[in-house]
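Here are my notes on the model you sent over. I have kept them as numbered points so that you can check each one against the coordinates as you go.

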Amino acid sequence: MTPMVKAEGVHKSFGHVEVLKGIDLEVAPREVFCLIGPSGSGKSTFLRCINHLEKINAGRLYVDGELVGYRQKGDKLYELKDSEVALKRRDIGMVFQRFNLFPHMTALENVMEAPVQVKGETKAVARERGERLLDRVGLADKAGNYPSQLSGGQQQRVAIARALAMEPKLMLFDEPTSALDPELVGDVLDVMRSLAEDGMTMVVVTHEMGFAREVGDSLVFMDEGVVVESGHPRDVLTDPQHERTKSFLSKVL
Amino acid sequence: MTVEINKAGPEDTPPTPPEAIKAIPVRHYGRYVSALIALGILAAIVVAFAKGDINWGVIPDYFFDSRILRGVRETLILTLAAMAIGIAGGIVLSIMRMSKNPVTSSIAWFYIWFFRGTPVLVQLLVWFNLGFVFDTINLGPIYKDEWSDFMTPFLTALLGFGLNEAAYMAEICRAGLMSVDEGQTEASHALGMSHRKTLRRVVIPQAMRMIVPPTGNEVINMLKTTSLVYVVQYYELLKESSDIGTSSGATVEMMFLAAFWYLVLTTVFSIGQYYLERYYARGSSRSLPPTPLQRLRANLFSFSTRSPEAKR
């Protein structure tokens, strides 16, 4: 079975700062893959490389068996055109720490936007699915509200519905609950849990160790641009092998 | 506002609402005093002008004169057409300027540098006299004519103002586009939207909130700047008024008349701008700003007792 995401020696630098120093990992289809680590460890950057919001400097990154951002012919790499990159991003949903909902559109319009504009769906079809998705994240009654009229947790659930509207085969979550009030975190995690139960492949950058332990299938601890330790969440979280992992977990658990 | 409220409230809350505070509001005596002083000064100015050697009676006579109305029409057409060129050009230039492509961004930079760097009056005269450079205009099979026949006063004015305005609008649009959070572009790209769609559907609608107020300013500026076109023999409001003034002997009166008309037009534009701002503010705040009428009423109240916030 082709892995949904495969990274081979992925390097990324911003100027002279090397943020990723050779990441190797594989995410299997239907897997919930959690990335944890201190801030600045490169986990968010790695996530953004998966849908080519950041270009990698070295190594290879594959999504569903296809190279991200490039086309390989023989031993030469050709950069993809913007339109080709956009085509691949359709299949990869992303949820951001700060939601990034479109503030000039209602919740329903946010969810309908990409299917109508990108896939050329009719508004009726997109609306029908949009309403269903909003209902799924528990916000059927907020369809007509603008993001500024929603709480953080509600906004993040709309953002998840918006990403799902493109019917992606892979979902990326970039610290989806870090900007939320503690009591709103649960609603968002519930939605993510139900997605996992439905078999969605998910790569989740998170500080929610409870979620990682319960829902995660694999977990990677990153620090300073390298993978320090990986394994099943229960094993890594309860019995970390490396000193760095131990000291990090002792602070967050 | 839609804040989630816990459905199960405490059972022991008393059913009667708490007694509202009844306090004597702060008295703003300074407001009465300053209003009186301002009214006094205004009255003094009105009296001074009324006593002056100005024949006010001719202003109403000529206010709806057919030549004046034609001038108003020409001023409006020129303003709107030049602004249309300016806004369209400005959007294109600002996108070019922010493009990753070094060729387009350099072209935009050079255009803005040139058109902002020279006075619009000079540009008008240059357009008018381009016949010294080009004898004829030849667009192959489509159009061919002498330059002086092609470059009418209207076209001169339109190109002169429109192309000049595009340079200023480009900077206003660029400021607007830059004000939109980068996360918006990222979210749009992550959904698979192309660069062009992202601009059109996500970035520009949000940039409009920043772009509309200074653009309103530009429209009003343009309305008044069009009075410069007398140098290229174009008849608009000011030229018509001053011609009537010369032939009838009521020179100063006709200037006042023109000033009144400009005030009427700028007022109309300002009202239009207000409603445009309201439109683009949707979603940006929890409640829409009040309409001018609502605000006027709120201000009247605040004059006597309280601040307008209390009315909302």
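1. B:K239 and B:D243 form a salt bridge, with their closest N and O atoms 4.0 Å apart; the term here means a side-chain nitrogen of Lys or Arg within 4 Å of a carboxyl oxygen of Asp or Glu. Both residues sit in helix 10 (residues 237–248) of chain B, and because they are four residues apart, about one helical turn separates them. B:K239 counts as buried at 17% relative accessibility, while B:D243 is partly exposed at 29%. (Buried is under 20% relative accessible area, exposed over 50%, and partly exposed in between, with a 1.4 Å probe and protein chains only.)

2. A word on the ground rules: this is a predicted model, in which local features need pLDDT of at least 70 and side-chain atom pairs count only at pLDDT 80 or more, whereas totals for chains, interfaces and linings use all residues. Residues are numbered from 1 along each chain as its sequence is written, chains are lettered from A and ligands numbered from 1 in the order in which they are written, and side-chain values use heavy atoms, with hydrogens and water left out.

3. Over all chains, the count comes to 28 salt bridges. In chain A, have a look at A:K88 and A:E66, whose side chains meet at 3.3 Å, N to O. This pair links distant parts of the chain, 22 residues apart: A:K88 is in helix 2 and A:E66 in strand 5 (residues 66–67). (Helices, H or I of at least four residues, and strands, E of at least two, are DSSP runs numbered from the N terminus.) Both partners are partly exposed, A:K88 at 29% and A:E66 at 44%.

4. A:E167 forms a salt bridge with A:R129, the closest N and O atoms being 3.4 Å apart. A:E167 lies in the loop between helix 5 (152–164) and strand 9 (170–174) of chain A, and A:R129 in helix 4 (residues 123–136), so the pair ties together parts that are 38 residues apart in sequence. A:R129 is buried, at 8% relative accessibility.

5. Helix 6 (residues 182–197) of chain A has 16 residues and reaches 23 Å from its first C-alpha to its last, close to the expected 22 Å (1.5 Å times one less than the number of residues). Its buried residues include A:L184, A:V188 and A:L195.

6. Which residues lie nearest the centre of the largest pocket? They are A:D82, B:K100, B:T185, B:H189 and B:H195, out of 30 lining residues. (A pocket is an open set of points on a 1 Å grid over the protein atoms alone, where a 1.4 Å probe fits, with protein on both sides within 12 Å along at least five of seven lines; lining residues have an atom within 4 Å of a point.) The volume is about 1100 Å³, taken as the space filled by probe spheres set on the points. Helix 2 (82–89) of chain A is among the helices that each supply at least two lining residues, as are helices 3, 7, 8 and 9 of chain B.
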